[in-house]
Amino acid sequence: MTPQIKQSARELRRLQTRERILGAAIAEFRASGMAGADVGAIVDVAGVAHGTFFFHFPTKEHVLLELEQREQQRMAADLARFFATPHDVADTLAEMVRVLEKLERRLGGRLFKDFLALHFSTSRPPSEEWTHHPVIVAVIEELQRAQQRGEIPAEVDVMHNGMSFLAGLYALLITIPEAAEVRAPVMAEYLTTYLYGLRVLP
């Protein structure tokens, strides 16, 4: 076997191990939340040594970072498909809410809140730029296109408004109850508030 083939086989095993750990960790996070998750339970399910977990993920938060990267790509693709259809600025903001609610159903309430809380973590890499987040990029670029079409006045700072819209939306979804009768009116008022902030009046 050539060194290149050996290297490829080793890399494949490494990736397979990482996927097993990630899957086991996500299941444990769904059940117990990130803070309460037991690394021992994760490695038992994944069938790896305790140290192997920390080789792939230095902290439990790094598991969420990996999940975030994957889910952001998925959500950005969903948004791109929607933005390719006829819509207005109100639809853009409402679609962001729908994409997040779809993510909540996929992850479950507990993991979803941990996922969103990661955006407010002080231990995130301090050099991270907003351009590294596909969802933020998708929303801001769509607001910029709306501004170019004349739907948002030229004096509005759409980058600032887009980022603050998402941060506020994440915070609301972490803190308000999941029950539709509670969430729906809060979301409606929030969207209306941001439409006024963008000078998009009904």
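Select aspartate 38 and glycine 40. Aspartate 38 caps the N-terminal end of H2, with a side-chain oxygen 2.9 Å from the backbone nitrogen of glycine 40. That is a polar contact (a pair of N or O atoms within 3.5 Å; within protein, one must be able to donate a hydrogen and the other to accept it, and residues adjacent in sequence count only if both atoms are side-chain atoms). Helices here are DSSP runs (H or I, at least four residues), numbered from the N terminus.

The model is predicted: local features need pLDDT of at least 70, side-chain atom pairs count only at pLDDT 80 or more, and totals for chains, interfaces and linings use all residues. Residues are numbered from 1 along each chain as its sequence is written, and side-chain values use heavy atoms, with hydrogens and water left out.

Now walk along H2. After H2 comes glycine 47, with a positive phi near 70°.

Next, select Phe53. Among the residues that phenylalanine 53 touches are Val39, Ile42 and Val43, not counting residues up to four places away in sequence. Contact means heavy atoms within 4.5 Å. Phe53 also forms one aromatic cluster with Phe54 and Phe57.

Widen the view to the largest nonpolar core, which has 61 residues. Such a core is a set of buried Ala, Val, Leu, Ile, Met, Phe, Trp, Tyr and Cys residues joined through side-chain atoms within 4.5 Å. Phe53 and Phe165 are among those with the most contacts inside it. H5 gives the most, nine residues.

Select phenylalanine 165 in helix H8 and tyrosine 194 in helix H9, 29 residues apart. Their pair is edge-to-face, 5.4 Å centre to centre, with 70° between the planes. Rings of Phe, Tyr and Trp (its six-membered ring) pair if their centres lie within 6.5 Å; planes under 30 degrees apart count as stacked, over 60 as edge-to-face and the rest as tilted. Both residues, phenylalanine 165 and tyrosine 194, are buried.

Definitions and conventions
Buried < 20%, exposed > 50% of the residue type's maximum accessible area, 1.4 Å probe, protein only. Helix = DSSP H or I, 4+ residues; strand = E, 2+ residues; numbered from the N terminus.
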